[in-house]
Amino acid sequence: MSFTADSLLLFGATGDLAQRMLLPSLCALGSDGLISPNLRIVGTARQKLDDAGYRQFAREALEKFLPAERRGHMAEFLNRLHYQPLDATDTGGFQALAEKVGPVQGGLAIFLSTAPHLFEPTIAGLAASGLAGERTRIGLEKPLGTDLASSRQINDAVASAFPEDRTFRIDHYLGKETVQNLLALRFANILFEPLWNAAHIDHVQITVAETVGLESRVGYYDGSGALRDMVQNHMLQLLALVAMEPPASYDSTAIRDEKVKVLRSLRLVGADESVTGQYRAGAIAGQPVPGYDDELGKESDTETFVGIKAHVDNWRWKGVPFYLRTGKRLPERVTEIVVQFRRVPHSIFASKAAKTVPNKLVIGIQPEENITLQLMAKVPGLDRDGIRLRPVPLDIAMTDAFAGPVKRIAYERLLLDLIEGDQTLFVRRDEVEAQWDWIDAIRAGWAEHGIVPKPYSAGSWGPSAAIALAERDGVTWHE
């Protein structure tokens, strides 16, 4: 059902995500005139606050996390905020919440960010209080389970009140400009699509590297690990966008149909095709940092690094490896996709100075959004040894190419689409279940073969086995 919501209900409204991302995103959308000035926003959480208290809480969050130049209409934004305390395990509290939200005939969008064990009572409370009607849609923030079985349990609970066309599963990576630009790069340019296959591409690398350790995520992360925290959602979504077939059109059904085909084509990962690691004490940016167990305060076998050699078994990608790596306490914060093309079949340049290097496309997602295509070019000048070649980059820095537009938070796009009802950048249930099916098989393989995390020093690029994972195929990780 297509409608633009005139009310937005935020669960977890006093949490870290709300402070850093949701409130700044909504304020920025309001300042830019992208959401209706009549949109009513109600926050709810356990914390005992009234409207005035929540508005002061929001003001402090905006002054800390939203750049000053984007706070032009902050006073108007704060005035549209309301708050109702709620304990999700107390079903009686939902009636008071419904009264605070008011009539939803115009449409209600719900952003649900909660612990996995609270999904079922929350959905039941929403349904019992009349907040899950036909004019309500719901956005679900991860984690959506810890394996396929728990994911299905959560999705079944959600489906009991919200059909799939009113369920918006959030992966904030899909809100990033460069991730969306990947679709434009592939399908709005004739240059790449004829080459986007096993005949011309040697391999693909996807890296999501973090310099931080546990920070405030101790309880969640130790029960999750890098495989479930990063690979299951963000990295598999990036892989699906790189590998998907051209959709018939730019709409939610066509795009998500093609993504799920990729996820179902993923080959099971062999015991020698994955590496896990856990950081030990080391240095980041010249400053000493403790090891994982030291930060946690106990010994743990949770992985903070994962390297995987994946294969998409279909005609387009047969034989092309996809190398995935993600980890904490790595040397730099970077998310990028590297598409390594094959060598030219025959070089006409005979001199040693004219050695050719295969073309490479690098799509930088964070911290800077850019696209770089490495091409071979002649070095200017005269040389007795003949022509001299060197790889040179063609750079598209988004901030330079599109001077003027401000750098947006990924959640701005996703919150706007949730309010307006566009599911294109949200994850469908069959995608989630295909992702968990593949991840569960990897974890089962680790257990079967007794694979435990290998130590690596903070500030390095992970365990040496991760380097060997690629090097034995003659591939070097892009750094």
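**Exercise 1.** Determine which residues of helix α4 (residues 93-101) are buried, and where they lie around the axis.

*Solution.* The buried residues of α4 are G93, F94, L97, A98 and V101, where buried means under 20% relative accessible area with a 1.4 Å probe, protein chains only. Helices are DSSP runs (H or I, at least four residues) and strands likewise (E, at least two), numbered from the N terminus. These residues span an arc of only 140° around the axis, so they are on the same side of α4; the arc is taken from the directions from the helix axis to the C-beta atoms. An α-helix has 3.6 residues a turn, so residues three or four places apart point the same way. The buried residues pack against β1 (7-11), β2 (40-45), β3 (81-85), β4 (108-112) and α5 (119-128), contact meaning heavy atoms within 4.5 Å.

The model is predicted: local features need pLDDT of at least 70, side-chain atom pairs count only at pLDDT 80 or more, and totals for chains, interfaces and linings use all residues. Residues are numbered from 1 along each chain as its sequence is written, and side-chain values use heavy atoms, with hydrogens and water left out.

**Exercise 2.** Describe the setting of R186 and identify the backbone oxygens that its side chain reaches.

*Solution.* First, R186 is placed in helix α7 (residues 177-187). Next, its relative accessibility is 1%, so R186 counts as buried. Finally, polar atoms of its side chain lie 2.8 Å from the backbone oxygen of V242 and 2.8 Å from that of M244; a polar contact is a pair of N or O atoms within 3.5 Å, where, within protein, one must be able to donate a hydrogen and the other to accept it, and residues adjacent in sequence count only if both atoms are side-chain atoms.

Note on methods. Buried means under 20% relative accessible area, exposed over 50%, partly exposed in between (1.4 Å probe, protein chains only).
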